[in-house]
Amino acid sequence: MPKALIIGGGIAGPATALFLQKAGWEAELFEARPQPESHGGLFLNVATNGLAVLDQLGLRDRLVALGHHAPYMEMWSGRDRLLGTVPNGPAGEPERGSVVVRRDELHAVLREALAENGISTTWGARLERIDEHADEVTAHFADGTAATGDILIGGDGVGSMTRRWIDPAAPEPDYTGLLSVGGFARVPGLEPTPAVQRMIFGARGFFGYLVREDGEVYWFANPTSPELDKTAFRRIPGDEWLDELRVLHADDPYPVPQILDAATEVGAYPIYELPHVPHWHRGRVVAVGDAVHATSPNAGQGASLALEDAATLARSLRDAPTHTQAFGAYERLRRPRAEEVVAYSRAIGRQKAPGGSRLAVALRDVMLPLFLRNATKNTRNNHLYNHTIAWDDTAATSA
Ligand SMILES: Cc1cc2nc3c(=O)[nH]c(=O)nc-3n(C[C@H](O)[C@H](O)[C@H](O)COP(=O)(O)OP(=O)(O)OC[C@H]3O[C@@H](n4cnc5c(N)ncnc54)[C@H](O)[C@@H]3O)c2cc1C
């Protein structure tokens with residue numbers, strides 16, 4: 001049985017391992033973090049298309065049971081006026097809408113599936129070097145250990161070392177100038193928001209939240225910030241971010257200030273993008289997920305793209321006569337879609353920057369309702385959500 005070394009136990013890595021096993025490969029996963037609990041993270045939108053991929057692994061219902069079903073997003077002005085409602089899934093099909101889950105819950109669902117399928121994960125294994133030989137590839141880890149397989153798949157995220165091994169001149173991620181700072185909260189008396197996430201164009205910044213049936217609030221804000229050194233950034237305590245956000249959102253309507261006053265488990269992430277990575281594979285090494293097309297979270301599609309990559313790569317490896325042909329087919333099938341979504345998400349991000357002058361904000365508050373008037377019926381984005389990977393069909397792998 002051919003063997004794949006998979007680097008990264010985020011979303012793309014575990015999903016690729018699960019699909020590869022279905023495709024008749026042995027998969028072994030290596031994750032830099034010391035243990036599962038160290039993953040942390042806030043919450044994310046798993047879109048209809050990502051749920052469809054999880055369905056192919058038999059994991060959709062497990063995840064949906066944990067999440068907040070959110071087929072709609074409401075857009076509100078900083079003056080507490082509903083500007084419009086947009087579908088978060090295929091228009092007119094709310095039952096197929098996307099789901100918001102805690103990131104650690106998605107990781108746990110994938111991890112349980114790995115364990116159930118007997119796929120080995122080594123924690124604390126930070127890839128440091130790759131050596132390719134004529135008929136195998138070796139991954140060397142920071143702790144001095146090594147592993148050898150037929151191919152190596154890098155699901156090692158936006159800072160990917162696999163991407164740099166594939167192409168030492170690969171672009172560095174673009175910093176968007178926005179942070180995602182968020183967490184959880186409980187605000188006494190705050191009503192649940194069934195089927196909805198609320199987005200607010202606040203006076204000085206963008207804010208989003210939802211309230212689960214049991215009253216737990218998931219919230220995030222997108223303050224602007226110059227790019228900070230990674231180590232310095234990690235040292236900033238959650239309370240410091242909260243202090244900043246309380247000032248930034250002080251004039252925003254209920255319940256924004258109240259959520260910030262009750263906030264817990266605050267985390268902050270700089271938002272990076274990789275709109276175009278020229279090379280996705282070289283020799284026996286290929287990359288998936290954020291490693292080759294990191295997207296801002298605005299479209300809520302990054303995790304779903306990673307899941308789609310996993311299914312597509314495994315299907316190509318199952319059906320192509322050689323790994324080289326499989327990698328080529330995978331890239332051909334995935335690149336146009338991934339780059340479209342990254343660009344779309346970037347365009348949404350431009351609207352999130354603070355509104356500028358009072359006139360510009362007033363104009364936006366007049367124009368947006370017109371623009372969003374029939375948005376719940378607008379099928380323009382349906383192709384994003386209806387994308388499926390025909391796992392049971394043979395992949396076209398010839399160039
Ligand atoms: C604040 C924020 C909010 C987001 N919200 C959403 C959302 O709502 N919906 C959505 O779909 N997407 C969202 N995203 C994007 C989404 O998180 C990513 O697209 C998704 O996690 C990509 O999965 P991945 O497996 O490719 O990478 P990751 O999830 O980043 O996983 C990479 C893994 O590789 C490991 N790793 C890195 N280097 C090495 C190494 N050298 N050796 C071994 N292991 C290594 C890392 O520790 C990590 O576990 C958001 C992102 C951010 C930052």
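**Burial, packing and overall dimensions**

Of the 399 residues of the protein chain, 54% are buried (under 20% relative accessible area, with a 1.4 Å probe and protein chains only). The model is predicted, with local features requiring pLDDT of at least 70 and side-chain atom pairs counted only at pLDDT 80 or more, whereas totals for chains, interfaces and linings use all residues. Residues are numbered from 1 along each chain as its sequence is written, and side-chain values use heavy atoms, without hydrogens and water.

The protein chain contains 13 helices and 19 strands, assigned as DSSP runs (helices H or I, at least four residues; strands E, at least two) and numbered from the N terminus. The C-alpha trace spans about 65 × 45 × 40 Å along its principal axes. The radius of gyration is 21 Å, in agreement with the value near 21 Å for a compact globule of 399 residues (C-alpha atoms; 2.2 Å times the number of residues to the power 0.38).

The largest nonpolar core has 69 residues, a core being a set of buried Ala, Val, Leu, Ile, Met, Phe, Trp, Tyr and Cys residues joined through side-chain atoms within 4.5 Å. Leu20, Leu54, Leu106, Ile153 and Leu317 have the most contacts inside this core. Helix α10 (residues 302-319) supplies its largest share, eight residues. Another core, of 25 residues, lies apart from it and includes Leu179, Val187, Leu190 and Phe207.

Beyond its neighbours within four places in sequence, Leu106 is in contact with Ile11, Leu44, Val46, Leu54, Leu63 and Val101 (heavy atoms within 4.5 Å). Among contacts between residues at least 6 apart in sequence, 74% join residues at least 24 apart.

Terms used:
Buried means under 20% relative accessible area, exposed over 50%, partly exposed in between (1.4 Å probe, protein chains only).
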